[in-house]
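Work through the exercises below with the sequence and the coordinates at hand. Each task is followed by a worked solution.

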Amino acid sequence: MNILVGFLLVIGLFFFTGGAVGILRMPDFYTRLHPAGKLDTMGQLMAMGAMALYVVGLDLSLASVLTGLKILLISVLVFITSPTATHAIVDAGVRAGMEPWTKSETEDFRDLGA
Amino acid sequence: MRIIGLLIVIAFGSLLRYGVFFFPEWGDPASPPSLHVSPHYIEEAIAETAVPNLVTAVLADYRGYDTMFETTVIFAAGLACFMLLRVLQRQVPECRLYRHIPTGITLRIEKGGKLPTESGSFERIDSNWVPHDLIIKSTSRFITPFLQIFALYVIAHGHHSPGGGFQGGVILGAAVIMYAISYDLRRSIQRIGEQATAVLGSAGVLIYAGTGALCMVLGAAFLDYGALAGLLGVDPVMARSHGMLIVEIGVGIAVSAVMVWIYYNLSSAGRHDEGL
């Protein structure tokens, strides 16, 4: 059980690291939100799953299963709210007239019909 | 004027810095709080107040006078925002946007134009936030009940777990602010008006101070909840626990209402017309 918990935690940390690198390395606002929204959600799913498993694995009783379920509920909450928050931030960026990064600098954002 | 302000800030800042020199060392085991106060709290709190969470026992009972004025400070912050920002005379905005709900057509009405009647088929929309944000609206509608129940849990369960009136009040206020952000400010003000926030904010502080005064009327010291034992029908130790719950509820009401009040004034620059 501990091996599985450790494995999930490492995977979660991998996603978190990817998210952090992405936020630092991506070229503009919109692309930075991509790792911030997606990889953090995935990373926390792994980390919360590991914690729930750990709690249940300590002693299998009704109380520990309930605690595990509560931890998983945090995951559900983040799964609902994190993409919505990212969506709202992107929307605000578009409203504020922020143009997405393009490699060639020739494409105009306004030509995309937004 | 600015120079005078700077001088005052520097004078008071150095006075405070000077005062800090007289403080005991950080974490000094020989300092008076560590010698007399902390051991008493740690050893006697459960026996004296029946509250397992020491932080709440110290905050709402032993140092209840301090916390009462913290609540007052929060109320004063809301009041200050109101005094500084609120524009009381009605100004007609430069232009208003209305959406015809069945067709989705947006009307732009300049200053002085005829406004659509307040029927069900037109809704006013903010001039800087036009799109239908279905995702944000449905998510906030889904999350809000959970958020409010969690806030009530945090307020009521502050005795046994981390939490209390301040934290729960902020969460409760955040639920209303989320509604105002995801829909619009006017709709939120229709539900919880400015008067309601002001009245609730002061009522919360009044509950706190009134509980303290009631203890005084019953012959004990101000905020000595043990005196409420007769009224609540429990023994004095339990009465202190219940007294803390009463003031925490007061704090929760005050904090949540003041958060919403501050948001109304800050987000619309005091006009209460178009929000964020």
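**Exercise 1. Strand pairing**

Which residue in β2(B) does Tyr98(B) stand opposite? Find the strands that pair with β1(B) and describe their direction.

Solution. The model is a predicted one.

Step 1. Tyr98(B) faces Leu107(B) in β2(B). A further pair of opposite residues is Arg96(B) and Ile109(B), the latter in β2(B).

Step 2. The two strands, β1(B) and β2 (residues 106–110) of chain B, are joined by five bridges and run antiparallel.

Step 3. Between β1(B) and β2(B) there are five residues, and the two strands form a hairpin. In the turn, Gly104(B) has a positive phi of about 80°.

Step 4. Strand β3 (residues 122–125) of chain B is also antiparallel to β1(B), with four bridges joining the two. Here His100(B) has Phe122(B) in β3(B) as its bridge partner.

Step 5. As for cover, five of the six residues of β1(B) are buried, so the strand is mostly covered.

**Exercise 2. Salt bridges**

How many salt bridges does a search of the whole structure find over all chains?

Solution. 

Step 1. The search of the whole structure gives three salt bridges over all chains. In general, side chains of opposite charge can pair when their charged atoms come close. The cut-off applied to the nitrogen and the carboxyl oxygen is 4 Å.

Step 2. Arg86(B) sits in the loop between α4 and β1 of chain B, while Glu194(B) belongs to helix α8 (residues 194–217) of chain B, so parts that are 108 residues apart in sequence are tied together by the pair. Glu194(B) has a relative accessible area of 18% and is therefore buried.

Step 3. Arg186(B) has 17% relative accessibility, so it counts as buried. Asp184(B), at 8% relative accessibility, counts as buried as well.

**Exercise 3. Loop residues**

Where does Gln89(B) lie, and is it buried or exposed? Then place Ala50(B) and Leu223(B) and classify their accessibility.

Solution. 

Step 1. Gln89(B) is in the loop between α4 (64–85) and β1 (95–100) of chain B. Its relative accessibility is 55%, so Gln89(B) counts as exposed. Gln89(B) is 182 residues from Arg271(B) in sequence, yet the C-alpha to C-alpha separation of the two is 8.8 Å.

Step 2. Ala50(B) is not a glycine, but has a positive phi of about 60°. Ala50(B) is located in the loop between α2 (32–49) and α3 of chain B. With 26% relative accessibility, Ala50(B) counts as partly exposed, because that class lies between 20% and 50%.

Step 3. Leu223(B), also not a glycine, has a positive phi of about 65°. Leu223(B) is found in the loop between α8 and α9 (229–232) of chain B. Its relative accessible area is 6%, so Leu223(B) is buried.

**Exercise 4. The interface**

How many residues does the contact take from chain A and from chain B? Describe the area buried between the chains and the polar features across the interface.

Solution. 

Step 1. Nine residues of chain A and nine residues of chain B take part in the contact.

Step 2. The area buried between chain A and chain B is about 760 Å², with 82% of it on carbon and sulfur atoms. By class, the chain A side that touches chain B consists of four nonpolar, three polar and two charged residues.

Step 3. Between chain A and chain B the count of salt bridges is zero. One residue pair is in polar contact across the interface, with both residues at pLDDT 80 or more.

How values were computed
Residues are numbered from 1 along each chain as its sequence is written. Chains are lettered from A and ligands numbered from 1 in the order in which they are written. This is a predicted model: local features need pLDDT of at least 70, side-chain atom pairs count only at pLDDT 80 or more; totals for chains, interfaces and linings use all residues. Side-chain values use heavy atoms; hydrogens and water are left out. Contact means heavy atoms within 4.5 Å. Buried area is the accessible area (1.4 Å probe) that two parts lose on being put together, summed over both. A salt bridge is a side-chain nitrogen of Lys or Arg within 4 Å of a carboxyl oxygen of Asp or Glu. A polar contact is a pair of N or O atoms within 3.5 Å; within protein, one must be able to donate a hydrogen and the other to accept it, and residues adjacent in sequence count only if both atoms are side-chain atoms. Ala, Val, Leu, Ile, Met, Phe, Trp, Tyr, Cys and Pro count as nonpolar, Asp, Glu, Lys and Arg as charged, and the others, Gly among them, as polar. Buried means under 20% relative accessible area, exposed over 50%, partly exposed in between (1.4 Å probe, protein chains only). Two strands pair if DSSP finds at least two bridges between them.
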